[in-house]
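The sequence and coordinates are shown first.

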Amino acid sequence: MRITQPGLEGRFLRRYKRFFVDVELDDGSIVVAHCANTGSLLGCLDEGNRALLRDSQNPERKLRHTLQALQVGSTWVNVDTSLPNAVVFDAIERETLPELAGYAQRQREVKYGSNSRIDVLLTGANGERCFVEVKNTTYAIGDCAAFPDAPTERGLKHLEELTREVRAGNRAVQFYFVSRNDVQRFRPADEIDPEYAKALRAAATAGVEVLAYAVEVRADSLELARRLPIEL
């Protein structure tokens with residue numbers, strides 16, 4: 001998926017009040033940008049990491065710039081949680097995601113379950129439905145991506161709702177959008193949230209499909225690069 005808003009590069013200084021980051025641009029000026037990520041961003045927030053900002057070009061916004069990616073080692077990691085759903089949906093629309101191809105109707109942000117919205121709802125020609133929940137994943141241990149990077153009650157709720165859809169006769173997919181391309185596999189982060197890890201294994205046993213894709217992160221695009229093996 002192409003990103004059309006112009007980008008700025010600089011040096012990450014700090015994150016504070018969860019949604020604010022300071023970035024020093026190459027000319028020495030400091031930009032306060034919006035961080036659209038409620039997770040801990042464990043392993044990504046070292047001072048001095050290269051940072052990529054996206055310029056909304058809207059002077060009316062309180063924070064004109066958004067933190068889009070941070071460089072960890074030699075790898076860019078997408079940290080903007082507003083982007084993964086659009087990238088996955090774009091891949092489905094273009095029929096470049098074989099596991100989710102062949103559906104007649106595709107919708108985003110559809111209400112379902114107990115006051116939730118499914119990220120993508122796919123409907124087949126005969127009315128069969130597939131519920132797809134997308135989770136942005138930035139945490140990695142060595143060459144292994146892991147989710148979550150902080151305890152997540154919301155994530156538990158989504159797994160429970162996906163499981164209910166399977167029991168109702170629908171297809172359900174938990175899709176991990178691994179926002180980096182320096183990993184070789186995916187697993188639940190037992191060391192961060194053992195309850196979520198337990199729930200993911202139970203959901204998979206119940207029939208919820210688990211997919212994980214590494215993503216190639218560039219300043220002007222995000223693309224699904226390759227499917228990762230799942231280690232449950």
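The sections below treat the basis of the model, the sheet and the cores.

## Basis

The model is predicted: local features require pLDDT of at least 70, side-chain atom pairs count only at pLDDT 80 or more, and totals for chains, interfaces and linings use all residues. Residues are numbered from 1 along each chain as its sequence is written, and side-chain values use heavy atoms, without hydrogens or water.

## Sheet

Six strands form an open sheet with mixed pairing, in the order β7-β8-β9-β12-β14-β15. Helices (H or I, at least four residues) and strands (E, at least two) are DSSP runs, numbered from the N terminus; two strands pair if DSSP finds at least two bridges between them. The edge strands, β7 (105-112) and β15, each pair on one side only. From one strand to the next, the twist averages 35°.

Strands β8 and β9 run antiparallel and are joined by four bridges. Thr123 stands opposite Arg129 in β9.

## Cores

A nonpolar core is a set of buried Ala, Val, Leu, Ile, Met, Phe, Trp, Tyr and Cys residues joined through side-chain atoms within 4.5 Å; buried means under 20% relative accessible area (1.4 Å probe, protein chains only). The largest such core has 28 residues, of which Leu97, Leu100, Leu122, Val132, Phe175, Phe177 and Leu224 touch the most other members. At least two residues each come from α1 (84-93), β8 (116-123), β9 (129-137), β12 (171-178), β14 (209-218) and β15 (221-227). The largest share, six residues, is supplied by α1.

Leaving aside residues up to four places away in sequence, Leu97 touches Val88, Ala91, Ile92, Phe175, Tyr213 and Leu224, contact being heavy atoms within 4.5 Å. Another core, of 24 residues, lies apart from the largest one and includes Ile118, Val166, Val178 and Ala203.

How values were computed:
Buried < 20%, exposed > 50% of the residue type's maximum accessible area, 1.4 Å probe, protein only. Axes fitted to C-alpha atoms, helices over the stretch in contact; angles between N-to-C directions.
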